[in-house]
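Please report on the local geometry, helix packing and ligand surroundings of the structure shown here.

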Amino acid sequence: MKEKFIVFEGIDGSGKSTQFKLFCEKLREMGCDVKETREPTRELIGDLISKRLKEKTDLPGDVNGLIYTLLFYADRIEHNNMIQKELEKGKIVVSDRNYHSTIAYQQSQGFDTDFIMDFHRKLVKSGHVKVPDLVFFVDLPAEEAIKRIDYRAKQKARVEIFEHIKFLKKLRENYLKLKDVLKDENIKIIDGTGTKEEVQERIWKYL
Ligand SMILES: Nc1ncnc2c1ncn2[C@@H]1O[C@H](COP(=O)(O)OP(=O)(O)OP(=O)(O)O)[C@@H](O)[C@H]1O
Ligand SMILES: [Mg+2]
């Protein structure tokens, strides 16, 4: 397999983490040395982001958007260092979310797109942010995602600020535009409807 750095993306509740886990299991069965990772990370800055995502803030959307953008990229720059080291060890690195999330989410919150894109391109150019070899965007209509989130919430209390239908619809539109916005042919849109196994099968068709 030539792809070494692979990312799973999608709106809340689309099934990213489910597909990510199945995918990593299958890679291991095939004898690959896999490093599973995620954003926000479970390091200091990542933990701070996760904590903040569960809290309401009175800040205006653009200020909040700027704070999240800076926090997520700070976490990502550290993450990138770790990813690089794992790749050098010969591992396949698979990440549950990456910069595609920051771009799509902050745009959906009305934050300045030009600012994020400029900032992002500079960080890619300087080598602080790594472009994945392959991105699977697990695509699911917002209505379906909300149903899955409700089901999951009944199993464990976990509601985050982004899990509202109107927001998820806008978010999905922004995700679907990313392939063009980022001019990245390695972003693959995967139909996320159907059973977990059906979705996983669609993913493997690309490899
Ligand atoms: N194909 C599927 N059919 C039905 N339910 C599913 C499917 N895939 C995942 N689920 C269930 O839907 C819920 C959301 O899935 P998952 O946690 O993988 O989504 P996610 O995209 O990682 O969400 P988040 O963005 O909140 O991390 C979980 O309870 C999961 O078990
Ligand atoms: Mg998840």
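Pro-40 sits in the loop between β2 and α2, where helices (H or I, at least four residues) and strands (E, at least two) are DSSP runs numbered from the N terminus. A cis peptide bond, with omega about -5°, connects Glu-39 to Pro-40. The model is a predicted one: local features need pLDDT of at least 70, side-chain atom pairs count only at pLDDT 80 or more, and totals for chains, interfaces and linings use all residues. Residues are numbered from 1 along each chain as its sequence is written, while chains are lettered from A and ligands numbered from 1 in the order in which they are written.

Leu-71 belongs to helix α3. Leu-71 is partly exposed, with 18 other C-beta atoms within 10 Å; here buried means 20 or more such atoms within 10 Å, exposed 12 or fewer, and partly exposed in between, with C-beta atoms placed from the backbone. Neighbours within four places in sequence aside, Leu-71 is in contact (C-beta atoms, placed from the backbone, within 7 Å) with Ile-45, Leu-48 and Ile-49.

Two helices can be set side by side for length, the expected span being 1.5 Å times one less than the number of residues.

| Helix | Residues | First to last C-alpha | Expected span |
|---|---|---|---|
| α3 | 28 residues | 39 Å | 40 Å |
| α6 | 14 residues | 20 Å | 20 Å |

The buried residues of α6 are Ala-142, Ala-145 and Ile-149. Viewed down the axis of α6, these buried residues fall within an arc of 55°, so they line one face of the helix; the arc is that of the directions from the helix axis to the C-beta atoms. Their cover includes α7 (165-181). The other side of α6 has Glu-143, Asp-150, Tyr-151, Lys-154 and Gln-155 exposed.

In α3 the buried residues include Phe-72, Tyr-73, Asp-75 and Arg-76. Among the elements covering the buried residues of α3 are β1, β2 (34-38), α2 (44-53) and α4. Gly-90 follows α3 and has a positive phi near 95°.

Helix α4 (residues 99-108) has ten of its ten residues buried, so it is largely enclosed by the rest of the structure. Its buried residues are covered by elements including β1 (5-9), α3 (61-88), α5 (113-125), β4 and α7. Just after α4, Gly-110 has a positive phi of about 85°.

Arg-97, in the loop between β3 and α4, has a phi of about 80° and counts as buried, with 21 C-beta neighbours inside 10 Å. Lys-183, in the loop between α7 and β5 (187-191), has a phi near 50° and counts as exposed, with 8 C-beta neighbours inside 10 Å.

Which residues have the most contacts inside the largest nonpolar core? They are Ile-11, Phe-136, Phe-137 and Val-138, in a core of 34 residues. Strand β4 (residues 134-139) gives the most to this core, with five residues. Such a core is a set of buried Ala, Val, Leu, Ile, Met, Phe, Trp, Tyr and Cys residues joined through C-beta atoms within 7 Å.

Around ligand 1 there are 14 residues, of which Gly-15, Ser-17, Thr-18, Arg-148 and Arg-152 come nearest; a residue is near if its C-beta atom, placed from the backbone, lies within 6 Å. Helices α1 (16-29), α6 (142-155) and α8 (196-204) each supply at least two residues of this shell.

Definitions and conventions:
Two residues are in contact if their C-beta atoms, placed from the backbone, lie within 7 Å.
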